[in-house]
Amino acid sequence: MFPIRDHNPSDRTPVVTYALIAMNIVIFLSYFPAIGGSEIQLMGFYAEWGLVPAEVARGQEAHTLITSMFLHGGWMHLIGNMLFLWIFGDNLEDLLGHFGFLTFYLACGLAAALGQMLADPVSTIPMVGASGAIAGVMGGYLLMFPRARIDVLVIIVIIFKIFTIPAWLMLGLWFALQLFNGLSIDAANGGVAYWAHAGGFVAGVLFILPVWLRRGGRDYWAITHGKPPHEDVAYRITRSSGIPSIQRQNMPPGSDGRALGDLSRIPRTGTRRRGGSPWTGGRD
């Protein structure tokens with residue numbers, strides 16, 4: 001099961017999200033096709049530019065805290081990460097602004113690296129990938145839009161089925177899986193940095209918490225029922241795929257066109273609708 005899109009269009013072009021995706025792809029193409037077939041060359045490259053916890057713990061190779069975020073171990077690693085960033089990144093960028101989102105993304109990546117280092121501080125295995133930073137984006141998304149609708153593709157042998165589920169369910173299951181694998185698999189022997197994923201996710205929730213509180217915290221959830229704070233999007237079924245194609249959100253009549261990051265567009269306390277939590281209140 002993996003997501004293919006959310007029902008949460010952004011109000012402005014997510015230029016930083018697009019730039020991050022482009023940078024990751026260009027950097028990957030700059031080295032992987034050339035040396036990907038040689039394990040020795042590839043591991044030497046990762047040892048130089050990837051994050052080696054034991055070295056960073058000794059105060060060496062600090063630059064790899066950043067460079068490791070833009071390296072990937074293979075095509076599927078890259079494609080999976082960029083898909084998640086494309087789905088969830090635009091809304092956080094809409095919320096935080098371009099510079100704010102870039103700062104948030106990099107901070108989550110650093111927190112993710114710290115999480116993996118704490119789990120195995122003497123490891124000499126290079127850690128690469130944008131997964132930790134993207135996990136932070138997912139954590140921030142969960143707090144702000146827990147009941148946004150996510151289309152997920154489920155593959156059972158040869159059966160392909162698309163379901164629409166709330167973000168809290170999809171992201172909650174993903175986080176629970178990272179914790180389970182982190183606890184059950186020895187960090188020194190595992191091939192996936194599960195604690196980096198979990199650390200980035202928790203950091204994303206904590207870093208976005210002040211934004212959520214400025215909007216009223218639980219009152220914000222009571223107003224929006226955990227859904228994106230705009231009218232429901234329109235759908236168009238395409239004959240070629242049968243997958244709902246989500247059109248960009250048109251500003252409702254009377255709107256002043258202010259972006260999502262503008263706090264004044266969010267109703268304050270005293271204007272709440274029916275009670276209910278983002279997990280139970282309102283309709284999907």
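Two residues are in contact when heavy atoms of theirs lie within 4.5 Å. By that criterion, in this predicted model, residues 24 or more positions apart account for 75% of the chain's contacts with a separation of 6 or more. The chain contains 10 helices and five strands.

**Chain as a whole**
- Of the 284 residues in the chain, 45% are buried.
- The accessible surface of the chain amounts to about 14200 Å², and carbon and sulfur atoms contribute 64% of that area.

**Helix 7 and helix 8**
- Helix 7 spans residues 131-144 and helix 8 spans residues 167-184; their axes come within 10 Å and cross at roughly 140°.
- Helix 7 is therefore oblique to helix 8, since angles count as roughly antiparallel only over 145 degrees.
- The crossing of helix 7 with helix 8 is left-handed.
- On the helix 7 side, the contact involves Ala135, Met138, Tyr141 and Leu142, which meet Ala167, Trp168, Leu171 and Trp174 of helix 8.
- Classified by residue type, this contact between helix 7 and helix 8 comprises eight nonpolar residues, with no polar and no charged ones.

- Glu61 is located in the loop that runs between helix 3 (53-57) and helix 4 (64-67).
- Glu61 counts as partly exposed because its relative accessibility is 34%, a value in between the cut-offs of 20% for buried and 50% for exposed.
- Apart from neighbours within four places in sequence, Glu61 makes contact with Glu48, Glu55 and Val56.
- Trp49 lies 12 residues from Glu61 along the chain, and the C-alpha atoms of these two residues are 8.5 Å apart.

Definitions and conventions
Residues are numbered from 1 along each chain as its sequence is written. This is a predicted model: local features need pLDDT of at least 70, side-chain atom pairs count only at pLDDT 80 or more; totals for chains, interfaces and linings use all residues. Side-chain values use heavy atoms; hydrogens and water are left out. Helices (H or I, at least four residues) and strands (E, at least two) are DSSP runs, numbered from the N terminus. Buried means under 20% relative accessible area, exposed over 50%, partly exposed in between (1.4 Å probe, protein chains only). Accessible areas come from the Shrake-Rupley method with a 1.4 Å probe; for residues, only the protein chains shown count as cover. Axes are lines fitted to C-alpha atoms, for helices over the stretch in contact, and angles run from 0 to 180 degrees between N-to-C directions. Angles under 35 degrees count as roughly parallel, over 145 as roughly antiparallel, 65 to 115 as roughly perpendicular and the rest as oblique. A crossing is left-handed if the near helix is turned anticlockwise from the far one by less than a right angle, and right-handed if clockwise. Ala, Val, Leu, Ile, Met, Phe, Trp, Tyr, Cys and Pro count as nonpolar, Asp, Glu, Lys and Arg as charged, and the others, Gly among them, as polar.
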